[in-house]
Amino acid sequence: MEFFDNHKKLFGATFLLFLGLTTLVAILPAIHNQRNNAPLPNAEVLSDDAVKGKAVFIANGCVACHTQQVRNVDMDKTWGSRPSIAADYAGIHRTDIWRNTATLMGTERTGPDLTNIGSRQPSIDWNLVHLYNPRIVVKESIMPAYPWMFTIKEEPAKADVVVNVPEEFLKGKTGKVVATRQALQLVAYLQSLKQTPLPDGRPAPEFLYKRAEKKIAAADGAAQGLDGAALYATNCQSCHQANGEGLKGAFPSLKDSKIVLDDNPEIMVNIIMNGYNGREKEGFPPMPAVGTDNKLSAEEIAAIMNHEKTSWGNSAKQVTPEQIKQIVDAIKVKAN
Amino acid sequence: MKKKWYPQFIKGLLLTAGLISFSSLFAQATGKPGFYFTHLNGLLLFLFVLIFFMLAAVLYLKFKTGEMIKMNKRLKQRNADKNFDRYIANLNSKQIEAYLNYKRDGSSTKISLPENTNTLLKTISVFLLLSLNSGQLFAQEAAPDKGSVLGETGIIITIVLLLIPISAGIVFMVIKVLNLIKQNRNRLNLAEADQLAQYLATPPDEDTRAALLKRKEALDYTPAHNELSGNLSPQDSRGLISSISVSSALPVVVQKKRAVKRPNIDPRLSQLVLWYIGCAAFWLLFGTTVGEYLGIKFVAPDADHVSWLSFGRLRPVHTNAVFWGWASLGMLGLAYYTVPRVSNTKLASFKMGWYSLHLINAAVLLGTICLMAGINNGGGEYREYIWPVMLLFGIALVLTLINFLRTIARRTTKEIYISNWYIVAALIFGLVISIVAYVPWWQDGLGETIIQGYYMHQGVGMWFMMMTLGLVYYYLPQQLNRPIYSYSLGILAYWTQILFYTLIGTHHFVFSSIPWWLQTVAIVGSVGMVIPVVAGTTNFIMTFKGAWHKITDSYTLPFFLVGIIFYFTGSLQGTAEAFRSTNLMWHFTDFTVAHSHLTMYGIISFFVWAGIYTVIPRLTGREAPQITVGAHFWFALIGLLFYTVPLMYGSTLKGLMWIDGKPFMESVIFSAPYWLWRAIGGSLMWISHLFFAYNIYKMLTAGGVVDVKEAAFEKLNQKSESTI
């Protein structure tokens with residue numbers, strides 16, 4: 001055929017077909033998307049430190065393992081309270097003339113999603129220890145360690161942020177581990193990663209592919225039981241550790257803890273819902289309001305508490321979801 | 001818990017093997033999100049097979065016993081003498097000798113009776129036993145399946161349970177009856193043998209004797225071994241035979257066909273192509289050394305604490321080095337040979353070829369340094385080099401495109417061979433996607449992500465795959481010494497590849513916040529990809545038709561074959577991965593990593609190696625030792641399978657754990673053994689690249705061994721010069 005034997009026509013047609021399809025499925029949708037989406041009105045603008053922290057995040061290729069997108073499927077509920085929407089990314093522009101826009105949505109979830117990490121793990125101390133070497137706080141973690149973002153000082157200045165690193169991870173070095181500005185900026189960025197609630201009480205998109213409710217219909221007709229150990233692993237373990245003993249000097253032990261063993265659950269529920277800073281003198285950093293941040297239900301809190309009250313040699317009176325619900329409601333009323 | 005896990009385990013098994021990705025296609029077709037279609041149907045099928053086996057066993061027994069009864073009757077009616085004649089006519093040489101020399105005074109009885117073992121019966125009974133046994137094995141495997149099914153299926157389960165002991169009983173009965181038949185048969189045979197012995201004791205008459213002697217002579221005949229060759233010594237008047245080896249030592253590897261040096265190749269072109277391939281080999285070695293180290297870091301995360309070597313920085317170094325360094329340079333090197341050859345003309349400009357080479361090398365080198373120093377483009381995969389670096393690569397593509405177009409424009413053939421379609425198209429597409437992705441004035445917010453999906457997938461499909469296909473359309477027929485099976489199929493694949501592949505980019509962001517319709521378009525396009533993939537595979541496989549035997553004689557064809565197999569399976573696996581249902585369990589896991597290695601390594605790298613082993617001996621006249629080519633092939637193939645299969649299996653289960661709402665850390669701990677397998681497979685792949693580099697070295701250099709003949713003539717020439 002003449003058409004196929006003429007290189008100008010053949011390759012011209014090839015080019016035009018490809019260009020046309022490219023325009024339809026890539027260029028036009030991209031332009032449409034960037035024109036017709038705006039950031040949510042209540043979205044917080046990144047602080048200067050957070051902007052610099054984001055640059056550190058990009059430079060070290062963290063996106064290779066950490067996504068920043070909550071998909072609209074039920075299994076992603078762990079990572080955020082609502083699916084991510086285009087508006088969440090609309091405020092992100094080109095980093096500079098040399099570097100492209102970094103939405104950092106990612107394609108691999110070798111590590112946890114970070115969309116909402118600022119709410120899920122707000123503790124600056126935990127983040128710094130974890131950065132110095134993740135295996136200090138999460139034994140089985142395979143995340144790289146970033147010790148080069150820290151310096152070791154014999155006599156840290158007053159403004160220095162000292163990180164409590166156990167001796168075995170210092171590899172014979174003596175002195176105090178001090179976070180560099182880079183590390184602090186990176187943590188500032190991580191802390192800034194919070195899902196913005198939708199304005200005017202607008203309903204969020206639904207999570208699809210709902211998981212069938214676990215039916216553990218026991219023979220005695222007891223209500224469905226939540227897996228306290230799994231909930232503990234997701235919400236508490238990274239600080240208080242699997243053995244409940246925490247980390248010496250960094251995170252307090254729950255084993256033999258007075259508060260955990262107390263038959264009156266009120267203080268414990270209060271700490272879970274509102275956080276706690278009563279032991280800073282002993283060197284323990286403030287605990288974040290895990291229950292509020294992670295939107296734990298009364299049933300889930302009860303399951304976690306019962307796990308803590310009956311594990312690692314603890315044996316305290318168990319609590320019921322109803323009991324917890326009452327206390328939680330009271331706390332909410334007080335807060336309002 | 002157990003109840004819930006088992007079907008998922010089955011699901012996992014079903015899904016893991018990428019090679020059977022069709023099953024997920026099927027599941028999609030039924031419109032169900034999971035793979036629940038198996039249980040009831042599977043049980044019914046199983047039941048049916050079981051009953052079928054039992055029926056077959058019963059029928060077989062009936063037939064056998066009937067046969068036995070008939071035989072008994074027949075034997076009694078038979079005329080004994082006639083029967084003996086039949087035996088005598090069938091004696092072998094030794095038996096004839098024994099019969100004729102038998103001393104019939106009764107002192108010696110040295111006639112060795114032919115051993116009559118009823119082999120047929122044996123084989124049949126063994127086969128039957130085996131087949132029934134396999135039925136039994138199947139029954140055991142499927143037995144736990146019962147637990148997962150409830151309700152009306154309970155009845156089926158009960159029947160299956162009942163059938164298992166019954167079928168075992170039938171198997172037992174069949175064995176018993178067959179033994180009885182055999183015993184009976186042997187009893188009859190022995191009785192007949194008695195009669196025959198008596199008959200043989202009387203001497204044969206003269207006629208029989210003469211006939212038997214003649215028969216013995218005929219049986220003892222052996223040929224003289226020179227019937228075909230004659231008595232003359234061989235001659236090769238046309239010089240068809242070369243490098244005759246008379247050594248009879250046992251070869252360590254099978255000797256494969258040697259490559260033929262092509263005459264009349266412009267030495268400038270040779271040099272250019274060899275430099276491309278040499279640089280590609282370097283980047284392969286470099287890139288996979290980095291990859292290997294990354295694989296180790298999954299197992300030993302504290303291997304080092306150097307910022308330049310941290311995981312997040314090295315990962316793009318690995319991917320980009322093997323993409324733009326290894327695969328791109330390798331393909332381009334082969335293309336620089338192919339384009340002028342199939343145009344039957346000279347390359348338009350060697351200078352531009354060299355510029356391209358330098359630019360690409362510079363881009364990869366600079367890009368690598370930038371990435372390790374922490375300068376990257378913002379995280380999109382394969383788009384990690386910043387645009388000033390990628391610009392060098394882009395200029396190289398422009399130069400190459402112009403060069404190839406000018407070469408094609410001055411072709412001396414009327415038609416444009418299909419290889420050149422694919423190669424030039426790949427260059428055009430590579431340029432378009434780079435420009436769309438890298439122009440620094442747009443892509444705010446999700447615009448970046450939409451372009452990212454487009455760019456990363458077009459990079460793979462429209463740059464690497466397109467050009468590699470073009471190369472295969474030349475090198476495969478060349479190695480098979482047959483024309484491509486169908487030019488039309490190639491053209492169909494070409495246009496459908498452009499039509500469907502361009503659409504599928506956003507399937508990397510299914511369930512994300514990019515528009516739902518765009519995700520759907522991508523999924524539909526992914527299904528459409530079945531057309532070019534099947535067309536291409538058919539074309540390649542059919543080109544092999546009638547030449548399959550050549551694979552055993554060739555050290556390049558195995559590379560082609562593996563490439564073709566992975567082209568089919570890997571590409572269709574991509575289709576299977578694109579569905580929403582499969583995205584649920586596979587997205588974000590290492591399944592994607594396994595897939596990209598199956599394709600970029602299994603398809604692209606294997607095809608490029610095939611081309612390299614084809615082309616270099618034609619340019620230099622030197623071949624790599626076949627044992628190290630073999631080692632390269634097998635280490636690469638086995639390594640790839642060790643890398644991908646466990647990773648796909650583990651990732652499927654990991655995805656199911658996520659769906660099940662297990663704590664994230666649990667899924668990390670769970671993955672550890674699969675990451676170890678990945679590191680092992682990766683090491684094997686890496687070793688294969690050492691062999692590859694060695695082979696390249698051997699093909700490029702003379703190896704330092706002086707050729708006696710050449711040296712002798714050189715000396716002669718020197719002498720004659722000095723005498724003048």
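Domain bounds come from an automatic or database domain assignment. The model shown in these views is predicted: local features need pLDDT of at least 70, side-chain atom pairs count only at pLDDT 80 or more, and totals for chains, interfaces and linings use all residues. Residues are numbered from 1 along each chain as its sequence is written, while chains are lettered from A and ligands numbered from 1 in the order in which they are written.

**View 1. The two assigned domains of chain A.** Chain A is assigned domain 1 (48-192) and domain 2 (212-335). Their C-alpha centres lie 26 Å apart. In this view, 13 residues of domain 1 are in contact with twelve residues of domain 2; contact requires two C-beta atoms, placed from the backbone, to lie within 7 Å. On the domain 1 side, the elements giving two or more residues are helix H5 (117-120) and helix H6 (124-132) of chain A. H6(A) gives the most, with three residues. Helices (H or I, at least four residues) and strands (E, at least two) are DSSP runs, numbered from the N terminus.

**View 2. Chain B as a helical chain.** Chain B has 24 helices and zero strands. Of its 724 residues, 41% count as buried. A residue is buried if 20 or more other C-beta atoms lie within 10 Å of its own, exposed if 12 or fewer, and partly exposed in between, with C-beta atoms placed from the backbone.

**View 3. Helix H13 of chain B.** H13(B) covers residues 418-438, and its 21 residues reach 30 Å from the first C-alpha to the last, close to the 30 Å expected at 1.5 Å a residue. The expected span is 1.5 Å times one less than the number of residues. Of the 21 residues in H13(B), 18 are buried.

**View 4. The largest nonpolar core.** This core has 234 residues, and those with the most contacts inside it include A:Tyr132, B:Tyr276 and B:Met466. Its largest share, 21 residues, comes from helix H14 (residues 446-480) of chain B. A nonpolar core is a set of buried Ala, Val, Leu, Ile, Met, Phe, Trp, Tyr and Cys residues joined through C-beta atoms within 7 Å. Leaving aside residues up to four places away in sequence, B:Met466 touches B:Tyr422, B:Ala425, B:Ala426, B:Phe429 and B:Gln497.

**View 5. Where chain B touches chain A.** The contact takes 68 residues from chain B and 70 residues from chain A. Among the helices of chain B that each supply at least two residues are H13, H14 and helix H10 (311-343).
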